[in-house]
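I opened this model to look up its helices, its cores and its aromatic rings. The entries below are in the order I made them.

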Amino acid sequence: MALLWALAVLSLLPLVAAESPECANMTGTPLTNASLELIAGKWFYIASAFRHPEYIKWAKKVPSSVMYFTPNQTENVVYFREYITYEDKCLHNSSHLDIQRENGTLIRKVHGVQYSAYVVPTKDPALYMFAYHPEDKEKMGLSLYANTSQVTPEQMSEFHGALKCLGLEVSEIITTDETKSLCGSLEQQHEEERKKKLEEAAQA
C-alpha cells in the first residue's frame, strides 16, 4: 500500500531547478482553504512519468485509477477514497492525509513510513499534478490528474511543460485508459451507499 500511496496520491513535491518564470511558479506553495477546495471531488489519474524502476513497473500495471478528495478544514486533513485497477483486479482504499499548510504538503503514514506530498499549482483548475522526488534524478516523477477521464491537447501541454521543468521527457509518459477500469461497479455501489447515508442523516 505504501507504493500505491506514493504513486496514486500523491507525492506532490515542489519542482526545483526552475529557471523560467513558468517553472518558478511551480514550486510548492502554502495550502489555503481555497487551494484545498480546488482538489475536492472526483479526479481521474491521466498520466505519469517516472524514473524510479518500481514506480514505472507499477504505472504500467495500472490502466485506471480514480480518487475522491474531501478536505476537512477544521481537522486539517484531507479524506480520500481511491479505486485502482491493478492488472486484473480492483483495489479500493480509504484513509486521510494530514495537511501541512505552511510548506504546502500533504502527509500520510503507512506502516510507520511517512510520505510527503506537495501540491503543484496548475493554470487550469480542472487539473492538478504531483511531483515525486525532484531532488533525486533516479527517483523523480510527475503525475497528472483531471476532473474528467479525457484531457484536451492544451491540458496535456501544461503537463508537458511541467515535465520539462522537472527534467523529464515526454517520451517517458505512461498514459491510462479509463475504459479498462474494473472498479466501476464497486465505485457506484459506494457512491449509492454514501448518498443514502447523507439522505438518512438529513432526515434525522
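The notes start with the ground rules and then go through the model by topic.

**Ground rules.** I am working with a predicted model, in which local features need pLDDT of at least 70 and side-chain atom pairs count only at pLDDT 80 or more, while totals for chains, interfaces and linings use all residues. Residues are numbered from 1 along each chain as its sequence is written, and side-chain values use heavy atoms, with hydrogens and water left out.

**Helix α5.** I took helices (H or I, at least four residues) and strands (E, at least two) as DSSP runs, numbered from the N terminus. Helix α5 covers residues 153-166, 14 residues in total, and reaches 20 Å from first to last C-alpha, close to the 20 Å expected at 1.5 Å a residue. The expected span is 1.5 Å times one less than the number of residues. I then looked up burial (buried is under 20% relative accessible area, exposed over 50%, partly exposed in between; 1.4 Å probe, protein chains only). The buried residues of α5 are Gln155, Met156, Glu158, Phe159, Ala162, Leu163, Cys165 and Leu166. Down the axis of α5 they fall within an arc of 165°, so they line one face of the helix. The arc is that of the directions from the helix axis to the C-beta atoms. The face turned away from this buried side carries the exposed residues Pro153, Glu154 and Lys164. Just after α5, I noted a positive phi of about 100° at Gly167.

**Helix α6.** Helix α6 (residues 184-203) has 20 residues that should span 28 Å at 1.5 Å a residue, and its end C-alpha atoms are 29 Å apart, which agrees. Its buried residues are Glu187, His190 and Glu191. Those of α6 lie within an arc of 100° seen down the axis, so they line one face of the helix. On the other side of α6, I found Ser185 and Gln203 exposed. The buried residues of α6 pack against β1, β2, β3 and β4 (contact means heavy atoms within 4.5 Å).

**Cores.** I searched for nonpolar cores (sets of buried Ala, Val, Leu, Ile, Met, Phe, Trp, Tyr and Cys residues joined through side-chain atoms within 4.5 Å). The largest has 26 residues, and those with the most contacts inside it are Tyr45, Trp58, Phe69, Val78, Leu106, Tyr128 and Tyr145. The largest share of this core, four residues, comes from β3. A second, separate core of 23 residues includes Phe44, Ala146, Phe159 and Leu168.

**Aromatic rings.** I paired rings of Phe, Tyr and Trp (its six-membered ring) if their centres lie within 6.5 Å; planes under 30 degrees apart count as stacked, over 60 as edge-to-face and the rest as tilted. The whole structure holds nine such pairs. Trp43 and Tyr128 are edge-to-face, 4.8 Å centre to centre with 65° between the planes. Trp43 lies in strand β1 and Tyr128 in strand β7, so the pair ties together parts 85 residues apart in sequence. Phe50 and Tyr55 also form an edge-to-face pair, at 5.6 Å and 85°. Phe50 is buried at 2% relative accessible area, and Tyr55 is buried at 8%.

**Charge over ring.** The charged end of Arg81 sits over the ring of Tyr68, 4.2 Å from its centre. My criterion was NZ of Lys or CZ of Arg within 6 Å of the ring centre and within 35 degrees of the ring normal.
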